[in-house]
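Please look over the sequence and the structure shown below before reading on.

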Amino acid sequence: MTSWSRLSFLALLVLQEIVLAKYVRTKRSTIAPVGAEVLTVGVIGDYGWTGWTPSPPHFCLEVLPELQAAGLVIPNEVLNDCDPGDITYITNATALQPKPHEVDTSSYVGQVCAMKNCTAFVSVGDNFYDSGIDFTTGGIQRFQEAWVDMYNEGVFQTAPWYQCLGNHDVVKGQSGVDFQTQVAPIYDPRWNFGTQGLPYWTYDLTGKDWTATFVVVDSDCFLSSYQKNTSVYANSYTEACYADRQTQVDFLANAFAESTATWKFLQLHHPYVSSATNETELAPLVEIVIQHNGIVLNGHDHCLGHYYSNNTNFILSGAAGYPQAGDCNYGIPLGPYAINQSINVEYYVRDMSFENGDLYPVMHDLNPSYSFQITQHAT
């Protein structure tokens, strides 16, 4: 390890570094320790399944088609909550480990992070399936149940979460975005989303002799497919932010240009490089990352993956719910893997028994299943 020390990640991704220093607070938000030689951060995406109840089968399979045939306008949230894929996935996403060590996702993350001494968490979106939460009594109750109560013990008690939006978080439109960016940070000081109430923001993690700059953007604003009237993500929020997406490109460019950090991260939900779908409309963002020798953190694909393209590391951590065969390229080894890279990255996967068989049996789930290092500094 060189004198400037290191950041590291662990799988769910865990940005790992050992801690020094006490937690410091801003006006309302809990933040990561400052001055550590090593800091361990858990990177977690596509985890927010708890508390979602799909619509009844009778409605989805029989009533909904009749309503559509009658020409009624169906709210996006109603359509989304009848998504057959997500209805199937929730069974696996909320599965327990095999007996006698039954553990849900939050408990497993807590076990790994207690072992690795995580002191903060980085979200890459899809914080609340299937249609996000908004500023209603139901939204408040869901936030309490699926996040505040679920992540409240052990390492979670004082660890800050640096948040990002995913496609499921924007189904409710501006109201859902406002809840996560403006209401949630006041509701619980561990929930960080900047100070401007915007879906894009930046923050630094600062060590003894190193710094890491993270720039968060809402990748939902870059996908033309979300502008189609057939998309459940088409609403006034995504329409407006798509038209204004250059603002986020400029925000990233300025934040990276002004930063002298050892490492620079783009934190967003959708993948530019993937084993499922490459979202090439994110190219204006990725070009900036490449210019600065930065690193991309993303979720969306329900998998863990490490890609290396254009001398850039793309780190996927979207399997907090469960690994999905199609997103993981049906078990074909992911890659190409980075070589000659010291940010230490470790991937951890819990063993899960799925309804239709275990796609990814894990014999020792408290040992990393894959690890790598990144030594190239940002410019």
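## The nonpolar cores

In this predicted model, Phe143 is in contact with Phe128, Ile133, Val148, Phe179, Ala184, Tyr187, Asp188 and Trp191, when its neighbours within four places in sequence are left aside. Phe143 also belongs to the largest nonpolar core, a set of 76 residues, and together with Trp147, Leu205 and Leu285 it is among the residues that have the most contacts inside that core. Apart from this there is a second, separate core of five residues, which includes Leu223, Tyr226, Val232 and Tyr233.

As general background, nonpolar side chains tend to be buried together in soluble globular proteins.

## Three disulfides

How many disulfides does a search of the whole structure find? The search finds three, and a disulfide is, in general, a covalent bond between the sulfur atoms of two cysteines.

One of them joins Cys60 to Cys82, with a distance from S to S of 2.1 Å. Cys60 lies in helix H1 (residues 57-69), whereas Cys82 lies in the loop between helix H2 (76-80) and helix H3 (84-93), so the pair ties together parts that are 22 residues apart in sequence. The torsion about the S-S bond of Cys60 and Cys82 is about -80°, and the disulfide is therefore left-handed. Both Cys60 and Cys82 are buried.

Another disulfide is formed by Cys221 and Cys241, whose sulfur atoms are 2.2 Å apart. This pair links distant parts of the chain, since Cys221 is in the loop between strand E8 (211-216) and helix H7 (236-243), while Cys241 is in helix H7, 20 residues apart. With a torsion of about -100° about the S-S bond, the disulfide of Cys221 and Cys241 is left-handed, and both of these cysteines are buried.

## Helix H4 and its cysteine

The remaining disulfide is formed by Cys113 and Cys118, with their sulfur atoms 2.4 Å apart. The torsion about their S-S bond is about -65°, so this disulfide is left-handed, and Cys113 and Cys118 are both buried.

Cys113 is one of the buried residues in H4, where Thr105, Ser106, Tyr108, Val109, Gly110, Val112 and Lys116 are buried as well. H4 is followed by Asn117, whose phi is positive, near 65°.

Leaving aside its neighbours within four places in sequence, Asn298 is in contact with Val124, Leu268, His269, His270, Pro271, Ile315, Leu316 and Ser317. Cys164 is buried too, with a relative accessible area of 0%.

How values were computed. Residues are numbered from 1 along each chain as its sequence is written. This is a predicted model: local features need pLDDT of at least 70, side-chain atom pairs count only at pLDDT 80 or more; totals for chains, interfaces and linings use all residues. Side-chain values use heavy atoms; hydrogens and water are left out. A disulfide is a pair of cysteine sulfur atoms within 2.5 Å. Helices (H or I, at least four residues) and strands (E, at least two) are DSSP runs, numbered from the N terminus. Buried means under 20% relative accessible area, exposed over 50%, partly exposed in between (1.4 Å probe, protein chains only). Contact means heavy atoms within 4.5 Å. A nonpolar core is a set of buried Ala, Val, Leu, Ile, Met, Phe, Trp, Tyr and Cys residues joined through side-chain atoms within 4.5 Å.
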